[in-house]
Structures are given as structure tokens and as C-alpha cells.
Amino acid sequence: MTRITTTVASLPAAILRPAELPAKDRGNGASTVALVTGRLGSTGFLNGITTFAPGAAIGHHSHNCLESVVVIEGTAIVDIDGTEYPLETYDTTFVPANIVHRFRNASDTAPMKILWTYASIDATRTLAATGETGRIDDEEARPAADEPAQEGAQR
């Protein structure tokens, strides 16, 4: 990550390079790289990228705030409140708070990536199957204890 000093802002600007940031294994063939977070200084939103292996899916869940997702690579299926919709690259979703949804990779051969944005730094995810709720920013990937922390390892 590159921090850029400015003369008019209270926080430094930043350039985030996803390939240089740690990924969190979400299970079932999905992994997430957090980008803009409260640790970086955001006070209004969170975002990041989740990569899905061919055929991978995440479980049905909901959030306590608005979420928008852009498919940035590949093809996806989004299930919003029990109805499935096919998505292509750059298709974008807008999901209100507390609506159960999930994403899956529509391809059995190619990866799929989404860029997600939550409208709150206090965003949570509640798993539909268990009711378990956790903060999105608590899912941040961290370097192993024996690895030096890299500037920009944010979530």
C-alpha cells in the first residue's frame, strides 16, 4: 500500500494493491481481500474483493446495512431473498439491510471476483443457517505471527 500525504485532509490518501494484501480464506473455495476499512481510516464504508474458485459459493447471509456488489471478473449467480439472478462482469447489485442473499460462481472452469461495499464501518454478517453474527472487519486477514506485518495489511 502506498500512503500519499496531502495538505488538505486529516488522513493520508492511499493506493491499495490487492495482490500485495493478505487474503482471508472464507471456505468453500472463496477468499477475501479487505481494501478500505476502519483500520485505514474510513468512517463511512468498507470494501474489498472476494474471489470464488470455479463452482464456489458462499452461504446465505444478511447484513445490518446496505451492500453493493460489482462482478469484476467472470459470471455469477446471486440469490436475493430466494430468487436467483445471473450476473455478468460489471453487473451490480444493491441489497438493503436484513435481506438474505448469497453469491456463487456460475462457471465450473473459471474464477469469479466481486468488489463489495458496505454502507457502514460497523457492518455485520448474519449467517442464515445458524443465526451467527459477526463484524465484517473482524474477518480481516492478518499476517502469520512469524511474518512481519506489511504496511497496508488492512481489513
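Student: Is R104 buried, partly exposed or exposed?
Tutor: This is a predicted model. In it R104 has a relative accessible area of 26%. Buried would need under 20% and exposed over 50%, so R104 counts as partly exposed.

Student: Which strand is R104 in?
Tutor: R104 sits in β11, which covers residues 101–105.

Student: What does R104 touch, leaving aside neighbours within four places in sequence?
Tutor: R104 is in contact with A56, A57, T75, A76, I77, E84 and M112.

Student: And how far is R104 from G59 in space?
Tutor: The C-alpha atoms of R104 and G59 are 9.0 Å apart, while the two residues are 45 apart in sequence.

Student: Changing topic, β10. Which residues are on its covered face?
Tutor: T93 and V95 are on the covered face of β10, residues 92–95. T92 and F94 are on the uncovered one.

Student: How do β7 and β10 run, parallel or antiparallel?
Tutor: Antiparallel, with four bridges joining β7, residues 67–73, to β10. V70 has T92 as its bridge partner in β10.

Student: Now the whole protein. How many helices and strands?
Tutor: The protein has zero helices and 14 strands.

Student: How much of the protein is buried?
Tutor: Buried residues are 35% of the 155. The protein exposes about 8300 Å², and carbon and sulfur atoms supply 52% of that area.

Student: What about contacts between residues at least 6 apart in sequence?
Tutor: Of those contacts, 60% join residues at least 24 apart.

Notes:
Residues numbered from 1 in each chain as written. Predicted model: local features only at pLDDT ≥ 70, side-chain atom pairs only at ≥ 80, totals over all residues. Heavy atoms only, no water. Helix = DSSP H or I, 4+ residues; strand = E, 2+ residues; numbered from the N terminus. Buried < 20%, exposed > 50% of the residue type's maximum accessible area, 1.4 Å probe, protein only. Contact = heavy atoms within 4.5 Å. Pairing = 2+ DSSP bridges. Areas by Shrake-Rupley, 256 points an atom, 1.4 Å probe, with all protein chains shown as cover.
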